[in-house]
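Student: I have a new model to look at, and I want to know what lies behind the words used to describe it. Can we go through them together?

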Amino acid sequence: MAWLILVVAGLLETAWAVGLKYTEGLTRPWPTVLTAAALLLSVGLLAVAVRDLPLGTAYAVWTGIGTVGTVVFGILVFGESTALLRLACIGAIITGIVGLKLVSPS
């Protein structure tokens, strides 16, 4: 269950990171409120997940999911670069996330 909570926390990290783009420097009230809510929920779920998972593993997976999700969103929605080296780096992050899951207890 801790891993599922961690994945949801990572997806919410993607949500608040992307949300920052829509807040226009925290000047738009509703996007700012939604972004802040996603941030608080993401960190809260991370806190729950680290009850049962190693802190370093959980934090690395959480940030990795957020990073990959944000990059994928940027590619699909904002037309950001799909340069081969950039995609290879994202692949390395995904490999690291999977590796941490495989070698971690729980």
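Tutor: Let's start with "helix": helices are DSSP runs of H or I with at least four residues, strands are runs of E with at least two, and both are numbered from the N terminus. Helix H1 is followed by Glu24, whose phi is positive, near 50°. Keep in mind that this is a predicted model, where local features need pLDDT of at least 70 and side-chain atom pairs count only at pLDDT 80 or more, while totals for chains, interfaces and linings use all residues. Residues are numbered from 1 along each chain as its sequence is written, and side-chain values use heavy atoms, leaving out hydrogens and water.

Student: What makes the pattern of the protein chain α-α-α-α?

Tutor: Count the elements: the protein chain has four helices and zero strands. Read along the sequence, that gives α-α-α-α. The C-alpha trace spans about 40 × 35 × 15 Å along its principal axes.

Student: Where is Glu24, and what makes its phi worth a mention?

Tutor: Glu24 sits in the loop between H1 and H2. Its phi is positive, about 50°, although Glu24 is not a glycine. Leu26 lies in that loop between H1 and H2 too, and its phi is also positive, near 65°, again in a residue other than glycine.

Student: Why is Glu24 called exposed?

Tutor: Check its value against the cut-offs: buried means under 20% relative accessible area, exposed means over 50%, and partly exposed is in between (1.4 Å probe, protein chains only). Glu24 has 53% relative accessibility, so it counts as exposed. Leu26, at 55%, therefore counts as exposed as well.

Student: And how do you know that Trp62 is buried?

Tutor: Trp62, which is in helix H3, has a relative accessible area of 7%, so it is buried. Thr57 is another residue of H3, and at 11% relative accessibility it counts as buried too. Across the protein chain, buried residues make up 32% of the 106 residues.

Student: What does Trp62 touch?

Tutor: Contact means heavy atoms within 4.5 Å. Not counting residues up to four places away in sequence, Trp62 touches Leu6, Ala9, Gly10, Glu13, Ser42, Val43 and Leu46.

Student: Why are H1 and H3 called oblique?

Tutor: Axes are lines fitted to C-alpha atoms, for helices over the stretch in contact, and angles run from 0 to 180 degrees between N-to-C directions. Angles under 35 degrees count as roughly parallel, over 145 as roughly antiparallel, 65 to 115 as roughly perpendicular and the rest as oblique. The axes of H1 (residues 2-23) and H3 (residues 55-78) come within 8 Å and cross at roughly 45°. H1 and H3 are therefore oblique to each other. On the H1 side the contact includes Leu6, Gly10 and Ala17, and on the H3 side it includes Trp62, Gly66 and Phe73. By class, that contact has 15 nonpolar, seven polar and two charged residues.

Student: What counts as nonpolar, polar or charged there?

Tutor: Ala, Val, Leu, Ile, Met, Phe, Trp, Tyr, Cys and Pro count as nonpolar, Asp, Glu, Lys and Arg as charged, and the others, Gly among them, as polar.

Student: What makes H3 roughly antiparallel to H4?

Tutor: H3 and H4 pack at an angle of about 150°, with their axes 9 Å apart. That is over 145, so H3 is roughly antiparallel to H4. Among the residues that meet are Val61, Ile65 and Val68 in H3 and Ile90, Ile94 and Ile97 in H4. Their contact has twelve nonpolar, three polar and one charged residues.
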